[in-house]
Amino acid sequence: MGGGNMKWLAALLLATVSAGAQNIVLKDGKVVTSKGLRRQGDTIMATIEIPVPAIEGKPAHVQTGEVGYPLPQIARLDFPEPAQLRTAPDLILAGKAPEALALIEPVVKYYEPFRDAPGSWWDEAALLKAEALQAMGNYKDAEPLIQSLARIGGDPETARAAKVFVGAGLTRRGEYAKAVPLFDEVLKDAVKPVTIASASVHKGQSHLGLKEYESALLAFLQVPVFYPGQKLLVPQALLGSAKAYVGLEDLPQARNTLNELLKDYAASPQAAEARAELDRVARREKALAPPK
Amino acid sequence: MKAYNGAMVAFNAGQWNEAAAGFEATMKLLADEKAPQMPPLLYLSGAAWFNAPDYVKAVEAFKRYLAKFPAGEKAGEVRLGLARALLRAQNFDEAAALFAQMEAVPALREEAQSAQVQAYREAGKPEKAIEVLERMIAPEIRTTAQAGGAITLAQLYADKKESAKAVALLQKLETKSALIENPVALNGIAVKLGDDFLTARQFAEALASYRAVRSREEVIRFQKSRIAGMEQRLEMSVKGAVGNPQMMAQVQMINAGVRDTLEEAKRLLEEYEKLPDFGPALLLRMARAFYDWEKRWEAIVVYDRVLTRYPQATEREAALFGTIIAAAEVGQAKMCQRLCSQYMEQFKDGPNAGTVGYLSGAVALQAQDFKGAENYFGVMLEKVPNSEYKGTMRFLLGNTRFMQGNYEGALKDYRKYLEDYPAGPEAEEAGYRIALSAVFTGEYEKAMGLLQEYLGKHPQGNFASDARYRLMVCKYAASLYADVLADGANWLRDYPQNPQEGEVQALVGDCHAAENRLEEAVKAYQAAYQRTTSDEVLNYALFEASKHLQKLGKWPEVAAMFEEFVRAKPDHPAVVSAMFWIGKARAKEGKTEEAKTFLVENLKKYIAEPKREAVELLLQQLAQLCAKRPRPATPAATAPLAAGETPAPLPPYDAAAELAKQLAPLESTADATTKARLLYAQAELARLTKKPAEADRIFLEMAGRFKPEELSPVLLAQLGDFLFARGDADKAAALFQSLREDFPKSDYLDYAYTGLGDVALAQKQNDKALELYTEALDKIGATTKLKEATLGKARALFALKRYDEARKLFEQVASIREWRGESTAFAVYSLGEIEAEQGKHAEAIALYRRVFVAYQKYLPWVAKSYLRAADNFDKLGKRQDAIDNLKEMLRNEKLTKFPETEEARKRLSEWGAAT
């Protein structure tokens, strides 16, 4: 990554973390338009502009001041969606997890004080950060973040997403049988496509570990069948389903799936493994072919 | 003034007709048409008529305003009001033209565009509506109005069959779900588009459309929140305009549209809530799209969602049936059977019960699971007595029993079939199989009658050739050789090129042999092995021919026959035996060199192909031929020895040089595989000439020089074992791994699984070792390594403290006569260890004693058993017995060099009983 790109990243960060109106929507329906928000204990302090009329020769002008609103009175904080939430997944998908991490970290930091307030983008940003860390193989830093998400995540769906990460940790450690029921629990209640797709991919990987290829395949295929829009997870699902096909001795299908992965997600972190898997399939095909 | 005040009161009270009449009356009182009071009066009058609603009068009032005050303060609002009134008065062209002018005003843009669309659609001008909508959603959908426009546009595209554009829009809308106010309409369009695409077999597009459909919960949630929002907007807008008549006029005009939309939204929601959930039906459509796209597994995933998410849906039956069909097509027999059982439990009387019943058995039959098939067909015939496949199932039930050798059961089924379906499609075969059952149960006389009955009915039937052959078999059993020979000749005339010719020829050979016509027998057997397609007949006929040729003393013919066989079928398992006979025959003739040349010629063809596993066997044969000094020239060629004369000593024979000479032609173009195999031949020779160190040296050289992928299965297996025995577990594992991965059909595969199990066990990966040994035994069906795999599994179970299972296996090893030897000693010792581990010291001692009494030859186990027996005596508190046991051990001179002996001395010293 050249210096030019880094400058672009920095500019984007500056532009979007602080951009846009940050309104407070109160439970009585009133909307407070603010120039900025900060947290003070259980109160959200809003910086607002107060127009001051011309008095005694002084021209009319605008004065800024802070007004505090206790959290229980707030229906939601109306932050604009940070652009990084859309950009970072593409970077991870392109095998640029460190860049994604650099992009998302300031967002996590910015929303940290509001993480338990409705409308905060902390959950989404923190999940993406965990995703980027895992893509870099940095499980050590991902773990505490995931635990924090599970503990104080703003909504039940975030807690489910965190549970998926916990299950993924079990899968990585080879505790497949323990991981599967965890994913099933998530899949029972999850509503967000990203949560369902993620749980399905990791569930598939656990079944692969258990050599339960049919169950693995059915789990992986949830993603391309129902959630093809989850671009970050599709290559993982394709790679997993190719491995399951190999396990089921359906080598032509495995080959097709790997080729699809390499065609549509050539820059994904899974591409290298897909190539290796393709070699394995070729070896297997050769091994199963009759002598010349 | 009074009229005006009255009109305002009426206006504020929503009495529009009175208000309008009041404003009209007030205007008439004004002398000057241009009076400053005139514009607001015209505006309010138009607004009142609009709300009344009397759009024609509203249009009149607004037009008057614009004609007299084109630049008036409210001219903008009046234009908008006029356009709205024109639209409602169904004057679409004029309304559209007016709204088009307003597009330039940013605040009015969306409404102006929406109204134009409505106008053009009402006027039957969809092209114009599309133009406006395409402008409306460009460059990005950011508002609810734009999202609504996009839905309408998708609908218009769909109507125009511009499906690609419609799908692109649907996909764009998927990312804008927060902006969608009318998901019901969106769903309708998406489903219609999906169906159109599916009909056109554009599967990806069909699926993209179906995926855009919102779930019932989402739709209801959206609609409710939208209705609440509209109600709130109405309330807030009226509240905000109280006390401001002109603003109220404007608000009421806007609200009229909102109210219409609100009523429509409520009606839609009410209707929608009455409808059954569309989810399962949509999933069935998706599944069909995947299935027709030949993506069967994906179809299974979708069907599965119907089954798991909609436990009460009526579509479950179709989903389960669809899953069964898809599972059968992807070759998942077990999954298919499981689903068939599930179907029969849940939909015993379902519309597809007959097919499912048939499928469950048919899939088992296809997977060669005859017992399973018998069970399924039997159960299904009972459960689905009216199945359309009843006849086929009855016939196949007979076949499954027939295949399992249950001829009596099969006969019943075939007879039942013929009773129920005398002219059924399987009637001929059923009759034929009835006769066959008699042949296989040895009831030849009865069989002859039945076969003749079959042939009488079906002289040109599908099974006539086989029936005639079986009839000959029965006659042969009755020693009617002449009849068989006559029938055989007729058969061969009637069925030239028939795949059964080999069997008939072999039977003819048997008849000639039985009557001692060996020359004729040989001819028939030779014809049999050359023409048969069955390995069993080939082996039989080939070796019968050889036997009779030998009886006739025709050794050159024996050699020639086997040479021809090796050339024709170089990979046949009988090649090695053939080579043996070629060598023997040529040696009988004093032509060992010819045998060697023949071997080398054949090796040239196949030595570079690692999968040809017979190559190593040919090399062994070659090494064997080279190991022995060739016979001297025939006695006739040498002069007889004089009395007292001793024969001249033979020149020294160098077997290695002879082998090198033979292998030289193979070396010229040798690749790595060939080179490794040539070394293997040298190692074999070293072993045959009792030079084990040389053999080991060559094996080590092979291990160092070649990569696993350059070696054949035989070499991977043997080198793996060799290296593991020498303690190089990692290299051995790499070789076994390569054997497992690259040669999954090899006859030596049990070496790989057992070897990898040994490596895992040595590395204390007991679970993995157990898995590998179990695979070796159950999946691979270990033969050569059966003993090692069984012992390995027992050791792994022991290491995992699964003592009962380990005991059973060790007992099995100890009880097999063919395995008697060191493995028996080890098994008995291990049985002692199992008892000792569980604190059963007396039982353990008995077993250790059995080792040093019954298996004295296997000193390592004897030494260990003495020591462990002493340990267990000591644990029982019998120190003196322990001491006596160790002293007995020390008296055994054969054990002096074992480390256990040193350990015994140490213990005796500790116990104050040093010798």
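1. How many residues does helix α36 of chain B have, and what length does α36 reach from its first C-alpha to its last? In this predicted model, α36 of chain B runs over residues 692-705, which is 14 residues, and reaches 20 Å. That is close to the 20 Å expected at 1.5 Å a residue.

2. Which residues of α36(B) are buried? They are Ala695(B), Ile698(B), Phe699(B), Met702(B) and Ala703(B). These residues lie on the same side of α36(B) because they cover an arc of only 140 degrees around the axis. As background, an α-helix has 3.6 residues a turn, so residues three or four places apart point the same way.

3. The other side of α36(B) carries exposed residues, namely Ala693(B), Gly704(B) and Arg705(B). The cover over the buried residues of α36(B) includes three helices of chain B: α35 (672-688), α37 (713-725) and α38 (729-742).

4. Between the chains, twelve residues of chain A are in contact with 18 residues of chain B. On the side of chain A that touches chain B, α9 (213-220), α10 (222-226) and α13 (271-288) of chain A each supply at least two residues. By type, the residues of that side of chain A are seven nonpolar, two polar and three charged.

5. In chain A, strand β1 (residues 23-26) pairs with strand β6 (residues 74-78) in the antiparallel sense, over four bridges. Here Ile24(A) stands opposite Leu77(A) of β6(A).

6. β1(A) also pairs with strand β2 (residues 31-32) of chain A, in the antiparallel sense and over two bridges. In this pairing Val25(A) stands opposite Val31(A) of β2(A).

Methods:
Residues are numbered from 1 along each chain as its sequence is written. Chains are lettered from A and ligands numbered from 1 in the order in which they are written. This is a predicted model: local features need pLDDT of at least 70, side-chain atom pairs count only at pLDDT 80 or more; totals for chains, interfaces and linings use all residues. Two residues are in contact if their C-beta atoms, placed from the backbone, lie within 7 Å. Ala, Val, Leu, Ile, Met, Phe, Trp, Tyr, Cys and Pro count as nonpolar, Asp, Glu, Lys and Arg as charged, and the others, Gly among them, as polar. The expected span of a helix is 1.5 Å times one less than its number of residues. A residue is buried if 20 or more other C-beta atoms lie within 10 Å of its own, exposed if 12 or fewer, and partly exposed in between; C-beta atoms are placed from the backbone. The arc is that of the directions from the helix axis to the C-beta atoms. Two strands pair if DSSP finds at least two bridges between them.
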